[in-house]
Amino acid sequence: LSVLAIGVSLAVMAIAARTLRPVRTLTAGVARIARGDYTAQIGLRGDDEISVLGREFDAMARALQDREIQLREKQEALLRAEQLAAVGRISAQVAHEVRNPLSSIGLNVELLEEAVSRAQFTTEAERTETTELLSAMTREIDRLTDVTEQYLRLARVPKPHLEAENLNGVVANVLDFASEELGR
């Protein structure tokens, strides 16, 4: 009778261990997810509740892994956007700093042109060459000034254009746009 009791108890322990093995596997998978390892897959087979729970766990782990990838991509995109914004701000500052000396150089070239017009040259060819050089400088200064002005116009945030709207129409358009989502 003692041997039979020991045999029955060993059989019960074996059945309990086999029955609890999927629960231990599921617990280990939950622990991996808790540590941030979203690649955890249980892979339980069968039709019992634990196997169904294991398959749902696998689906949840895959969804978490996909969301983690999406989050990482969005963080990288945000970082790139922040870097581009910083480059834009620095470029606008550089354009502003370049515009000031260009104005000063342009003013000095105009003063130089006035002085050249009153100056006496040995030959008319020297006068023509000097005038052409100053004209070329003025054209290039004007071109660079235009480039900096265009860049600064681009870098400025445009003023909002406000106008009266029919609020009922706007709300109706939003509801129409979101009707499928709202229906679900």
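Reader: Why is Ile141 called buried?
Author: Buried means under 20% relative accessible area, exposed over 50% and partly exposed in between, using a 1.4 Å probe and protein chains only. Ile141 has 9% relative accessibility, so Ile141 counts as buried. Please keep in mind that this is a predicted model, where local features need pLDDT of at least 70, side-chain atom pairs count only at pLDDT 80 or more, and totals for chains, interfaces and linings use all residues. Residues are numbered from 1 along each chain as its sequence is written, and side-chain values use heavy atoms, with hydrogens and water left out.

Reader: Which residues is Ile141 in contact with, leaving aside its neighbours within four places in sequence?
Author: Contact means heavy atoms within 4.5 Å. Leu102, Ile105, Gly106 and Val109 are the partners of Ile141 on that count. Val109 is 32 residues from Ile141 in sequence, with 9.4 Å between their C-alpha atoms.

Reader: Where is Ile141 placed?
Author: Ile141 belongs to helix α3, residues 124-155; a helix here is a DSSP run of H or I with at least four residues, numbered from the N terminus. Leu134, Ile141, Thr148 and Leu152 are the buried residues of α3, and they pack against α2.

Reader: What makes Asp58 a buried residue with no salt bridge?
Author: A salt bridge needs a side-chain nitrogen of Lys or Arg within 4 Å of a carboxyl oxygen of Asp or Glu. For Asp58, which is buried, the nearest side chain of opposite charge is Arg62, 5.0 Å away. Asp58 lies in helix α2, residues 49-118.

Notes:
Helix = DSSP H or I, 4+ residues; strand = E, 2+ residues; numbered from the N terminus. Lys, Arg positive; Asp, Glu negative; His and termini not counted.
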